[in-house]
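Keep the model open as you read, and follow the names as they come up.

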Amino acid sequence: PATTQVQLTNVATGVVTTTNSNNQLHTSHEALLQGLQPGETYKARAVSVSGDLGRTLSEEITFTTQAQ
């Protein structure tokens with residue numbers, strides 16, 4: 001079991017944000033991404049911290065939000 005967070009990087013601006021963690025340990029994970037700008041490209045990866053404080057990063061994915 002581990003916490004759930006998503007690290008987002010806006011490719012155009014280089015701004016990195018991380019979703020908040022509720023600090024609860026789970027074996028199944030989901031995250032709601034809010035505040036994304038239309039027509040922007042982002043890199044994202046999951047960040048999980050286990051009960052013994054081991055940190056794991058997923059592979060990075062790249063996606064573009066739909067333009068308005």
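Predicted model: local features only at pLDDT ≥ 70, side-chain atom pairs only at ≥ 80, totals over all residues.

## Strands and their partners

Thr 9 has Lys 43 as its bridge partner in β3.

The pairings can be set side by side:

## The chain as a whole

How many helices and strands does the protein chain have? There are zero helices and five strands, so the order from the N terminus reads β-β-β-β-β. Along the principal axes, the C-alpha atoms fill a box of roughly 40 × 15 × 15 Å. The chain has 68 residues, and 21% of them are buried. Its accessible surface is about 5000 Å², with 47% belonging to carbon and sulfur atoms. Among contacts with a separation of 6 or more, 53% are between residues 24 or more positions apart.

As for confidence, the mean pLDDT of the chain is 94, and 100% of the residues score at least 70. Of the elements, β5 has the highest mean pLDDT (98) and β4 the lowest (93).

## An aromatic pair

The count of aromatic pairs comes to one. The ring centres of Tyr 42 and Phe 63 are 5.7 Å apart and their planes meet at 25°, so this pair is stacked; the cut-off for stacked is under 30 degrees. Because Tyr 42 lies in β3 and Phe 63 in β5 (residues 61-64), the pair ties together parts that are 21 residues apart in sequence. Tyr 42 is buried, at a relative accessible area of 5%, whereas Phe 63 is partly exposed, at 24%.

Is Asn 10 buried or exposed? Asn 10, found in strand β1, is buried, with a relative accessible area of 9%. A polar atom of the Asn 10 side chain lies 2.9 Å from the backbone nitrogen of Ala 12. The Asn 10 side chain also makes a polar contact with the side chain of Glu 40, at 3.5 Å. Leaving aside residues up to four places away in sequence, Asn 10 touches Val 15, Glu 40, Thr 41 and Tyr 42. Tyr 42 is thus a link back to the stacked pair, where Phe 63 is the other ring.

## An exposed loop residue

Finally, look at Ser 28, which sits in the loop between β2 (16-18) and β3 (41-49). Ser 28 is exposed, and its relative accessible area is 60%; the cut-off for exposed is over 50%. The C-alpha atoms of Ser 28 and Thr 3 are separated by 9.6 Å, while the two residues are 25 residues apart along the chain.

Technical notes: Residues numbered from 1 in each chain as written. Heavy atoms only, no water. Helix = DSSP H or I, 4+ residues; strand = E, 2+ residues; numbered from the N terminus. Buried < 20%, exposed > 50% of the residue type's maximum accessible area, 1.4 Å probe, protein only. Phe/Tyr/Trp six-rings, centres within 6.5 Å; stacked < 30°, edge-to-face > 60°. Pairing = 2+ DSSP bridges. pLDDT = per-residue confidence, 0-100. Contact = heavy atoms within 4.5 Å. Areas by Shrake-Rupley, 256 points an atom, 1.4 Å probe, with all protein chains shown as cover. Polar contact = N/O pair within 3.5 Å; in protein donor to acceptor, adjacent residues only side chain to side chain.
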